[in-house]
Amino acid sequence: MIKDPLNLKINKNELLIDISLDELLNSLSLEEKVGQMLMFAFHGVEFNEQLKTQIDEFHLGGVIHFARNIVNPDQVLKLNKDILEYSKYPMFIGVDQEGGIVQRITKGTTPFPGAMALAAANQDIRLLHRYVGEDLRQMNFNMVFAPVADVNNNPFNPVINSRSYSDDPMIVSNYVCEAFLGFQDALMLPTVKHFPGHGDTSVDSHVSMPSVNKSKSEIESMELVPFKEAIKAGIDGVMVAHIVYPAYDDLYPSTLSKTIVTDILRQKLGFKGLVVTDSLTMGAINNNYTKKEIVTLAANAGIDIMIFCGRADINEQREIYQGFIESVKEGNISLEIIDKAVRRILEYKKKYCVQEKNEKYIYPNKEKLVLGNKLSLASITKVDLYGKDNNQKNNTIINKEDKILVIFPKIKLFSLVDNNVNDYTTLGSCLKKQGVDVEEVIISSEEYSLSKIKEMTDKFDKIFMATYNVCKDDYQTKVFNCLPKDKVTVVAMRSPYDNYYLEELGSYICIYEASDLALNNLSLCLVGKEKFMGKLPVKLKDFK
């Protein structure tokens, strides 16, 4: 057990329970207040020197985990427990756990389909999010960067796509509220994201600066709707995006804009909770501002917690921390702004960080496993592109005597936020488990032979081509074009808009994520053991 470095010999929870916010705030030095407003990433899977430095030298208020920090639930529970025991004050420990393609913990937890899959399942999701929140809480997390409140009204969005529930703002609103309330039921602090909305962008803010060129009335009737509804329903956290909204502020991106954070989010929409940033090391910000400019503009905009991920270099983190303190001492950030932010942070730590540190992880019970799998199964969507509703029929696509060819893409990261899927399940392997006579060809942009694929097709009765974020004239379109269309069923494994680039497409299935969970449930539907029940939550091209 790691000892308290300052030998305070007090229960840290008492700092939040027995002392008033004003007393606690007034007891903090400037250096400690600045630390409370920062959240850093780190390296390693055990408590280490970097974490000690972040806590001792930077007085850090929170840390964020990535897949590189996580081996399994037991390991991360111990790591988080050590962090909490070492820190002088209770800390926020956060993680991206949206479900589907964006979840840092994928083994030993409640099965967790992503947003669009859950919307396709067309069922209540509050209980599922409570279960996922309970899993995270058991691992000593207390903050989750989810759910996604973006309306995916741009089919060509490179970063949100199936991370969104729908292209309809009211559908998004309904699911966002169920999701965050489930997390809050489990005493996990959720942050709806990415305010004011990342759904109608054609640039990934991990790489460069997106802009949404709409009028105020258009933004208020689309992008802002889910955030308004979440605020009305009692959301405690909002994450702000790195996007320029010229209708509101043509100079600064949302994260650094006082107009957007204070005037709109705080004053116009009435949000009283914690405002956190998306990672400030992302290209949209890091390529355009110095570290000192970033913290100065973010603080003055009204941000409470600034998150820095990226390389997680300790020297860069020191530069950020020291630049923040210098900016306050130079009068570029007022103490009043610092105190308002830190007071809010302490207020929500009173609610979410008063916890007993768990010693042992209890793996999900049957009830949790069944619910997650049930929702995944209900999401598998057979799309009729030509006007006939066959979704609810028991379509046995593969018969026992059929010889099946599966064409499956080598999956690469589509966005920097996606899970790294070097080791993934294929549709062919799932069908083999169901006793199907199947041959599978793995293709990539570097490895595909149209002539070889053409030669193979004659000996198969049916062909299932799995796709992953098809782009105009990419290798997947070329492979599709060489196939006999009367034999082909396309399975879109992330974007439901893959059909836009596939001419003469007949049979089309959407599963919204290339996860073991979705592919295994798809295979059950394909052999007729389960029905296709999913309902497409976005509008596609009219093919009638």
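The legends below describe close-up views of a predicted model.

View 1. Six strands form an open sheet in the order E7-E6-E3-E2-E1-E11, and their pairing is parallel. The edges of this sheet are strand E7 (189–190) and strand E11 (306–308), each of which pairs on one side only.

**View 2. Strands E2 and E3, with the helix that lies across E3.** Strand E2 (residues 62–65) is paired with strand E3 (residues 92–95) in the parallel sense over 4 bridges, and Val63 has Ile93 of E3 as its bridge partner. Helix H15 (residues 335–352) lies across E3 and E7, and runs at about 80 degrees to E3.

View 3. Thr296 is found in helix H13 (residues 291–301), and it counts as buried because its relative accessibility is 15%, where the cut-off for buried is under 20%. With neighbours within four places in sequence left aside, Thr296 is in contact with Ser327, Asn332 and Ile333.

View 4. The largest nonpolar core holds 122 residues, of which Leu38, Phe92, Met306 and Phe324 touch the most other members; helix H8 (residues 169–185) contributes the largest share, 8 residues. When residues up to four places away in sequence are not counted, Leu38 touches Leu60, Gly61, Gly62, Met306, Phe308, Ile320, Tyr321 and Phe324.

Note on methods. Residues are numbered from 1 along each chain as its sequence is written. This is a predicted model: local features need pLDDT of at least 70, side-chain atom pairs count only at pLDDT 80 or more; totals for chains, interfaces and linings use all residues. Side-chain values use heavy atoms; hydrogens and water are left out. Two strands pair if DSSP finds at least two bridges between them. Helices (H or I, at least four residues) and strands (E, at least two) are DSSP runs, numbered from the N terminus. Contact means heavy atoms within 4.5 Å. Axes are lines fitted to C-alpha atoms, for helices over the stretch in contact, and angles run from 0 to 180 degrees between N-to-C directions. Buried means under 20% relative accessible area, exposed over 50%, partly exposed in between (1.4 Å probe, protein chains only). A nonpolar core is a set of buried Ala, Val, Leu, Ile, Met, Phe, Trp, Tyr and Cys residues joined through side-chain atoms within 4.5 Å.
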